Amino acid sequence: MTMKIKEHIRGRYLHDYNRLESEGSKAAYNTLYDRLSDLPLKTLDRIIDVVADLCHYHERDGFTEGVKLGVRLGDELRS
């Protein structure tokens, strides 16, 4: 996969869904791109769409559950 295509994909998906890239997420996305690099761009695009959506929803659900847990903890501390 050319660097131009990698940068296009990374800019379109990773930046949109994870603005605070950790070293672990960079490594994971690079591994994913390398393993899918032989696929046609259209197929790769469809796969990355699903992966990015999955990551987005997983992150949102984790945040929501963290807030719920914090509220419950606060309620327990006040009672």
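Where do R78 and D75 lie, and how many residues apart are they?

1. Both R78 and D75 lie in helix α3, 3 residues apart, which is about one turn of the helix. Helices are DSSP runs (H or I, at least four residues), numbered from the N terminus. The side chains of R78 and D75 meet in a salt bridge at 3.0 Å, N to O. A salt bridge is taken here as a side-chain nitrogen of Lys or Arg within 4 Å of a carboxyl oxygen of Asp or Glu.

2. On the basis of the values: this is a predicted model, in which local features need pLDDT of at least 70 and side-chain atom pairs count only at pLDDT 80 or more, while totals for chains, interfaces and linings use all residues. Residues are numbered from 1 along each chain as its sequence is written, and side-chain values use heavy atoms, with hydrogens and water left out.

3. The salt-bridge rule gives a count of 3. Besides the R78 and D75 pair, K68 is bridged to E65, with the closest N and O atoms 3.3 Å apart. K68 and E65 are 3 residues apart in helix α3 (residues 41-78), and are therefore separated by about one helical turn. D61 pairs with R60, where the closest N and O atoms are 4.0 Å apart.

4. Accessibility of these residues is classed by relative accessible area: buried is under 20%, exposed over 50%, and partly exposed in between (1.4 Å probe, protein chains only). K68 at 46% and E65 at 47% are partly exposed.

5. Helix α3 has 38 residues and reaches 55 Å from its first C-alpha to its last, close to the expected 56 Å. The expected span is 1.5 Å times one less than the number of residues. Within α3, the residues L44, I48, A52 and G74 are buried.

6. Helix α2 (residues 23-35) packs with α3 at an angle of about 160°, their axes being 12 Å apart. Axes are lines fitted to C-alpha atoms over the stretch in contact, and angles run from 0 to 180 degrees between N-to-C directions. The two helices are therefore roughly antiparallel, a term for angles over 145 degrees. The contact (heavy atoms within 4.5 Å) is made by Y29, L32 and Y33 of α2 and by I48, V51, A52 and C55 of α3.

Methods
Parallel < 35°, antiparallel > 145°, perpendicular 65-115°, else oblique.
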